[in-house]
Amino acid sequence: MSFLSYFRSQRKKNASSAARAKERLQIIVARERLQCAGGPDYLPMLQDELLAVVRKYIQVDRNAVRMQLDQEGDCEVLELNITLPDGTETSARVR
Amino acid sequence: MTRIIVVTSGKGGVGKTTTSAAFAAGLASAGRRTAVIDFDVGLRSLDLIMGCERRVVYDFINVINGEAALKQALIKDKRIPGLFILPASQTRDKDALTTEGVERVLDELSEEFDYIICDSPAGIERGAYLAMYFADEAIVVTNPEVSSVRDSDRVLGLLASKTRRAERGEPSVRERLLVTRYAPSRVGKGEMLSVEDVQEILAIELLGVIPESTTVLNASNSGMPVILEARSDAGQAYQDAVARFLGEEREHRFLTEKKGLFGRLFGGSSA
């Protein structure tokens with residue numbers, strides 16, 4: 001279960017609009033803080049192009065690709081997570 | 001020691017200028033010599049909110065360009081001693097603001113004033129950047145509404161990275177939250193983010209909550225800083241916020257729905 005779907009599952013059907021506003025803000029603010037905290041601006045494009053390549057072979061959803069840049073010591077790790085349609089998770093690490 | 005305060009928000013129309021005018025008037029009323037600068041070059045508004053629009057002769061850009069002395073451009077408020085307004089230019093564009101020019105004006109003001117309030121324009125362009133660059137403290141004005149909260153978070157990111165304090169590795173800009181246009185009755189119905197929600201998301205100290213009030217528009221109609229409307233909710237909430245800013249402990253008011261006569265008679269616990 002992804003980070004986003006965790007929050008989605010928390011949503012009550014009859015939640016007030018203020019509660020929805022708070023939930024949406026928590027998600028978007030967390031994402032934007034990550035982006036602003038040093039994510040290079042080519043990441044979205046890289047994600048798009050990688051997704052296009054994957055899609056040549058496997059039909060996956062746009063949201064099934066997650067990319068993250070981490071720092072491990074003095075080494076930057078680009079982590080790519082693709083959730084395949086049958087539910088098994090493939091993970092590739094590029095250094 | 002002069003403190004430079006930026007009033008900022010990212011989003012437009014949330015109450016930056018109203019807040020700048022209120023804080024300037026409040027600090028000056030408390031005996032602090034205060035100058036308030038409009039950084040919205042091309043779209044000035046502080047002069048109108050302060051009620052001095054017909055007394056503008058020279059402006060901030062004239063001073064930066066050396067076309068007028070700072071003393072000539074500063075407008076002395078007629079109501080409160082020790083309060084001065086430096087209006088923005090209405091005709092030039094934002095590129096007329098230079099880092100060196102702004103620094104020079106702030107340095108000169110620092111010789112004479114206890115507080116310098118920088119009223120930031122909306123957005124995150126040059127004017128907004130320079131309004132926050134030299135700040136010691138920030139008042140982040142936020143409406144309990146999704147786009148305003150998101151923009152405020154963005155601005156907090158900039159305060160932490162794009163200010164002189166950040167670049168020099170000095171102690172960071174002190175950031176405090178002012179929630180404006182707060183409607184407790186709508187919060188009660190679950191239609192509006194509560195102040196706790198906003199504070200939880202932005203995770204900064206709460207300076208005050210200004211209730212939605214007809215007085216704010218009435219005050220701006222007549223060019224009167226709303227804090228001087230001492231009998232109104234909004235005026236009192238600003239007075240509390242200024243007192244807290246100056247280190248006083250004050251209980252937050254106007255966070256719950258005001259009860260009418262009927263509510264007061266039959267509502268039980270309300271004091």
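**Close-ups of a predicted two-chain model**

At 2% relative accessibility, B:Cys52 counts as buried (that label means under 20% relative accessible area, exposed means over 50%, and partly exposed is in between, with a 1.4 Å probe and protein chains only). This is a predicted model, so local features need pLDDT of at least 70 and side-chain atom pairs pLDDT 80 or more, while totals for chains, interfaces and linings use all residues. Residues are numbered from 1 along each chain as its sequence is written, chains are lettered from A and ligands numbered from 1 in the order in which they are written, and side-chain values use heavy atoms, with hydrogens and water left out.

View 1. B:Cys118 counts as buried, at 0% relative accessibility. For B:Cys52, the nearest cysteine sulfur is that of B:Cys118, 16 Å away.

**View 2. The open sheet of chain B.** Here 8 strands line up as β3-β4-β2-β5-β1-β6-β7-β8, with mixed pairing (two strands pair if DSSP finds at least two bridges between them; strands are DSSP runs of E, at least two residues, and helices runs of H or I, at least four, numbered from the N terminus). The edges are β3 (75–76) and β8 (205–211) of chain B, each pairing on one side only. At the β3(B) end, 2 bridges join that strand to β4 (residues 83–86), and the two run antiparallel. Look for B:Lys76 opposite B:Phe84 in β4(B).

**View 3. Helices on the chain B sheet.** Helix α10 (residues 195–202) of chain B lies across β6, β7 and β8 of chain B, at about 150° to β7(B). Axes are lines fitted to C-alpha atoms, for helices over the stretch in contact, and angles run from 0 to 180 degrees between N-to-C directions.

**View 4. A buried arginine, B:Arg244.** This residue sits in helix α12 (residues 233–245) of chain B. B:Arg244 is buried but has no salt bridge, and the nearest side chain of opposite charge, B:Asp240, is 4.1 Å away. A salt bridge needs a side-chain nitrogen of Lys or Arg within 4 Å of a carboxyl oxygen of Asp or Glu; Lys and Arg count as positive, Asp and Glu as negative, and His and the chain ends are not counted. Leaving out residues up to four places away in sequence, B:Arg244 touches several residues, including B:Arg176, B:Leu207 and B:Glu251 (contact means heavy atoms within 4.5 Å).

Notes:
A disulfide is a pair of cysteine sulfur atoms within 2.5 Å.
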